[in-house]
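Hello,

I am passing a structure on to you, and it is shown just below. After it come some notes on what turned up.

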Amino acid sequence: MSAPSAPPAPAGPRLLLRRLREVLIGAGDAQQRLDRVVKAIAANMVAEVCSVYMLRNGVLELYATEGLRAESVHRTTLRIGEGLVGLIAQQMRPLALSDAQSHPNFAYRPETGEEIYHSLMGVPIVRGGRVIGVLVVQNRTRRQYADDEIEAMQTIAMVLGEMTTGPLPGQVGGETAGQRLSTRLAGIALNDGMARGVAVLHEPRVVVERHVADDPQAERRRLDEALSGLRAQIDQMLDHPGLGGGGEPRDILETYRMFASDRGWVGRLHQGIATGLTAEAAVERVQVEARTRMAEASDPYLRERLHDLEDLANRLLRHLVGSADTAAAGRLPNEAVLLARNMGPAELLEYDRGRLRAVVLEEGSTTAHVAIVARALGIPMLGRVKGALEQIDPGDTLVVDGTNQQVFVRPGSDVLRAYGERVAVLQARQAAYSALRDVPAVTRDGTRVSLALNAGLLLDLPGLEATGAEGIGLYRTELQFMVRSGMPSIAAQTEYYRQVLEQVGEWPVTFRTLDIGGDKLLPYLAMQEEDNPAMGWRAIRFSLDRPVLLRMQLRALLRASAGRQLRVMFPMVAEPGEFVAAKRYLEREATRLRRLGEAGPSGIEVGSMLEVPSLALHLPALLPLVDFISIGSNDLLQFLFASDRGNPRLADRYDLLSPAMLGLLRDIIRQCDASGVPVALCGEAAGRPIEALALLALGLRRLSMPAMAVGPVKAMIRSTDLPPLAAALAPRLASAERSLRDWLRDYTERQGIPL
Ligand code: PEP
Ligand code: MG
């Protein structure tokens with residue numbers, strides 16, 4: 001047995017990188033070049049053996065070796081996970097062993113003659129984040145490989161991976177380990193539906209083309225400039241969260257800012273340049289390291305932070321190549337499935353809807369506004385899909401299955417066949433819902449329910465004709481403001497509202513005045529940074545303090561409604577005085593219009609959203625002032641439980657079907673009924689059959705929902721006998737349970753009520 005020897009220092013990774021580049025672009029065929037590469041690496045690393053295994057037909061095949069027997073080239077193969085080489089590919093991380101043969105995974109291949117080599121160090125060869133092969137060095141002595149040697153090997157492997165583009169001899173196309181595997185990722189449906197398409201990254205990854213630097217000094221300068229640009233962008237996003245390209249919550253941005261100035265991270269990038277890499281390649285090199293650590297990390301917090309680093313590195317790469325655009329700026333494939341960590345509602349609206357089939361997010365929650373926009377656009381959206389950005393590559397085929405809350409990645413023919421069958425079933429179900437279009441929404445005991453639509457864009461309006469809904473119960477006017485790059489003039493707004501009314505015909509439309517702030521920001525309106533934007537200076541608060549916008553909007557609404565009924569409601573009213581003040585602006589604008597001799601509406605109804613709990617406690621004072629109430633259950637739930645509606649960690653924590661929330665809703669409905677004030681509910685709950693059922697049992701008779709929900713809700717209504725359900729539900733509102741969902745689901749199953 002020989003004693004461990006001191007590790008020989010690698011003879012300058014920079015020199016080796018240069019040599020590699022010369023070899024890889026030099027004369028000879030691919031095999032000859034690979035043969036020269038292993039020779040150069042062995043010499044540089046002071047190793048007796050250097051071998052390259054490449055993935056071919058799903059197995060790792062010895063493609064070139066310096067030191068092992070020549071006859072084993074193209075003969076020796078290992079499956080992924082088999083032997084030490086297979087283990088390195090499987091785990092996607094380096095392995096360094098002073099006594100390789102005693103490792104439980106060691107698989108002896110007699111044809112190689114490797115029995116005389118004791119120590120082994122191998123690293124995965126990665127391209128585009130996927131393993132395509134393994135690079136190995138071996139030594140006779142039982143030697144320890146130093147960390148800087150392992151790092152140097154990783155750098156070499158990375159360059160090798162990116163430079164050996166195109167198939168090697170015998171390979172059919174470039175093979176990668178990940179490409180071959182189909183997988184299924186679970187999430188939650190933010191908008192139901194099935195779709196198939198090609199994965200497109202909302203924030204595209206940059207493909208690094210140049211790895212070896214000609215002028216390290218210049219690369220250092222480029223890196224520093226890109227880092228400054230990155231920091232400035234993050235600062236800007238912190239000033240306007242939601243505008244900078246991710247809709248990221250504040251804490252993520254804070255973490256990004258911290259990392260972007262972190263000496264360790266920046267130091268590693270500079271180190272990469274010192275070894276001869278270009279700035280882009282240095283970033284990619286650090287990214288590979290982070291991915292390796294991510295694969296090892298079991299602590300969810302650490303994984304999350306490594307994930308942030310990956311994201312940050314992608315942003316830095318985009319700064320380096322000077323393209324900070326999202327995929328919306330380019331042309332989407334015909335059937336695109338958008339992939340993002342998160343995005344804001346305005347960002348989703350930038351996409352070509354004709355080509356967008358579905359959206360997959362790593363974060364998100366059902367009441368986040370991006371989900372509401374997806375519903376308005378009729379785009380299936382899956383949220384909280386853990387690892388989506390790691391597991392899915394751009395160009396991968398995806399099948400998004402909202403009903404079963406999962407996405408199939410690179411699906412096999414069986415999944416694609418099942419998808420086709422499911423689509424046929426869904427189409428049949430949709431046809432059955434369409435057949436309900438003209439039948440009334442009446443329960444089995446004869447209770448009539450009014451179903452209206454939530455809308456926000458002109459493209460929502462054909463839903464009225466298609467579903468047989470009775471008007472627009474909530475028109476979110478801010479969406480129209482959000483899709484524009486500048487503030488619309490009064491004339492433009494008037495024309496727009498006129499189009500809405502024209503398309504809707506005789507049906508009533510309830511226009512809600514601008515509800516901006518929180519996660520709904522206007523790109524052209526600078527808002528102050530706030531610690532709690534959802535509870536901040538938003539909606540009616542903003543409108544009353546800066547009434548110009550509100551007055552412009554009210555004037556446009558009055559003009560557009562000339563000769564017909566106008567229904568207006570105000571968002572986020574917290575106390576009756578705010579309603580009174582807002583209504584006064586409306587009255588003033590109406591008086592002004594009359595004075596000018598312009599035609600005004602035939603009648604005006606003014607209502608209030610009820611989405612702040614304080615207003616529920618102030619109803620006796622409010623009800624005599626309003627023509628109607630619309631409950632915004634999304635915000636009401638968020639404020640009742642002090643639980644951010646957009647925070648994925650809290651998304652399942654509090655339930656609308658909790659006795660507390662249902663009790664509050666029951667009290668609101670009772671008071672409105674007693675005062676003769678019509679009350680509707682226009683939050684997302686109205687469109688979910690099980691929640692709508694509970695609302696009906698509490699006495700609510702008006703629901704407003706996305707078009708897609710009308711069929712399922714009507715089917716539920718027509719199979720329901722309300723009095724026994726109301727009687728069974730009432731005593732349960734006093735229970736200590738966190739939710740009555742399970743009880744209600746059992747009830748519907750027993751009664752045969754479709755949900
Ligand atoms: C609500 O809060 O329930 C609501 C309908 O308003 P938005 O979702 O637009 O905040
Ligand atoms: Mg709201």
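Six strands make up an open, antiparallel sheet in the order β3-β2-β1-β6-β5-β4. Because β3 (77-79) and β4 (95-97) stand at the edges with a single partner strand each, one side of each has no neighbour in the sheet. Neighbouring strands are turned by 25° against each other on average, direction ignored. Helices (H or I, at least four residues) and strands (E, at least two) are DSSP runs numbered from the N terminus, and two strands pair if DSSP finds at least two bridges between them.

This is a predicted model, where local features need pLDDT of at least 70, side-chain atom pairs count only at pLDDT 80 or more, and totals for chains, interfaces and linings use all residues. Residues are numbered from 1 along each chain as its sequence is written, chains are lettered from A and ligands numbered from 1 in the order written, and side-chain values use heavy atoms, leaving out hydrogens and water.

Back to the sheet: β2 (residues 59-66) is joined to β3 by three bridges, and E61 has T77 in β3 as its bridge partner.

Two helices lie across these strands. Helix α3 (residues 83-91) runs at about 140° to β6.

Finally, nine of the 12 residues of α25 (residues 707-718) are buried, meaning under 20% relative accessible area with a 1.4 Å probe, protein chains only. Their cover includes α13 and β22.

Best wishes

Conventions. Axes are lines fitted to C-alpha atoms, for helices over the stretch in contact, and angles run from 0 to 180 degrees between N-to-C directions. Contact means heavy atoms within 4.5 Å. The expected span of a helix is 1.5 Å times one less than its number of residues. Buried means under 20% relative accessible area, exposed over 50%, partly exposed in between (1.4 Å probe, protein chains only).
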